[in-house]
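Here are my notes on the model, as numbered points. Please read them beside the coordinates.

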Amino acid sequence: MGITQRARGVLRRRDPAEPVGTRNAVYGPALPEESTVHLVMDLGLRIGEVQMASGAGASDVTATIIGVVSAYGLPHCEVDVIYTSITVSCYRGTEEVPITSLRVVRNRSIDYTRLADVEDLVRKITAGELSASDAYSELDKITSAPHPFPRWVATLAWAGMAASLSVLLGGGDPLLAVVAAVATALVDRIGRFLNKRALPFFFQQAVGGVIATSIALACSMLRILPTPALAVAASIIVLLSGMTVVGSMQDAITGYNVTAAGRIAELALMSAGLIAGVVLSLYVGVQVFDQLGGDTAELLQKVGTARIESTTALDLPVQALAGASTSACFALASYAPPRPLVIAGLGGAVAAGVSGTLTNVVGLNAVLAGAVATTVVGVAGGVVTRRLRIPALVIAVSGVAPLLPGLATYRGLYEIAVVRDPAGMSTLMLAAATGLALGAGVVLGEYLAQPVRTRLGRLERRLSGPRLSGPLRPTRRRLE
């Protein structure tokens, strides 16, 4: 009986409750001082802001920030990136309140020199070559430095891009290249004037569409150009080139749906402004020309029926050169350093050459040909840029520029606004599908390039998705 009672007493016995404060409040390495924590988190936020302003994807920004804060002893930070803000929260254990910082991304000014310098800084940080205070000072110098060359050089680059596009679209007339270049330079200078006065970008795009189309209409009325529509198409591609087609597709594919929706909404709004400007100029121009007693049918034939001419195998080198010039001019207008500038030109040549071969020689659909061409650019760029320490984003965005559907966009607007043909909607949908296919092709190419960069066969599980910005392996921590 006594044995049974003692056994029951043992079963009823409970260990005393664990006193508060005896549990481990910090998991992993001990955190530095709170002032250092704030400094490191602000450093990561500012680096992420530069990447977001340059069009980098949310997955790249997240991976880079985690790599930076982990390098300075903050192993348990969570990063939340949306299109207009970045939030970083540092977990300090079960008994300490997390430290959270937020930074709003207000300005989106593309400067690839600044992006390249920031990525070089991140490499030094993750390699343990700089202290947090030294890295912060270096970042402050990078972000406060002026552009590497004057603004008028960028204007000339935009003009050169338009001239190259006029050749790429099939216009062999030198006067066409001159008109496209002058119109684009005028659009850029007026856009800069309006930007200084804080005019919303929607109206800036509308003004750009009005100027480009009006100049083409004037050339048609004066019988200066036989195909003024190609000049409009070249200017439209220039206005579309700075948009975040690649970043939108990257965010959507890697699961950052909120940021992808924000980018797509901005893309749609900017396109709507451009559409409004082109439609308004076409409608007013046709009405004025009709009042002047001109031959409206002949005018409409000139401004709306231009198409990209089919090229032969002998013309493909010219197309490749025009594509190289287009991408290089875009990179120059975005303040790219010399080495990325050359690689961007090669990417444009590959994109234009592959697309022209598949479309005109093989007979492949234009949308599919563009997707294949940008996939090739993504694969080649993903391998080359990491070896040369060049931001892959520069090559990705520049390589897409020669293939943007400017002429299809213009033709769709012309058919809707002037001819009032319902087929214009299908033409616009084709243009939208082409743009999305180009962005998806670049992201797919970057994804396919990952096994090549990780020694063929090793499965890299630390990446959060296709990487277009930031170091390849910024941290040993697994990125979920």
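**Notes on the sheet and a buried serine**

1. Val-79 has Val-88, in strand 2, as its bridge partner. Strands here are DSSP E runs of at least two residues, and helices are H or I runs of at least four, numbered from the N terminus. Strands count as paired if DSSP finds at least two bridges between them.

2. This is a predicted model: local features need pLDDT of at least 70, side-chain atom pairs count only at pLDDT 80 or more, and totals for chains, interfaces and linings use all residues. Residues are numbered from 1 along each chain as its sequence is written, and side-chain values use heavy atoms, leaving out hydrogens and water.

3. Strand 1 pairs with strand 2 (residues 85–90) over five bridges, in the antiparallel sense. The open sheet has three strands, ordered 1-2-3, with antiparallel pairing. Strand 1 (77–81) and strand 3 (99–104) are the edges, each pairing on one side only.

4. Helix 2 (residues 34–53) lies across strand 1, strand 2 and strand 3, at about 30° to strand 3. Helix 3 (residues 58–71) lies across strand 1 and strand 2, at about 155° to strand 1. Axes are lines fitted to C-alpha atoms, for helices over the stretch in contact (heavy atoms within 4.5 Å), and angles run from 0 to 180 degrees between N-to-C directions.

5. Is Ser-398 buried or exposed? It counts as buried because its relative accessibility is 0%; the cut-off is under 20% relative accessible area, with exposed over 50% and partly exposed in between (1.4 Å probe, protein chains only). Ser-398 sits in helix 16 (residues 392–400). Beyond neighbours within four places in sequence, Ser-398 contacts Ser-327, Phe-330, Ala-331 and Ala-344.
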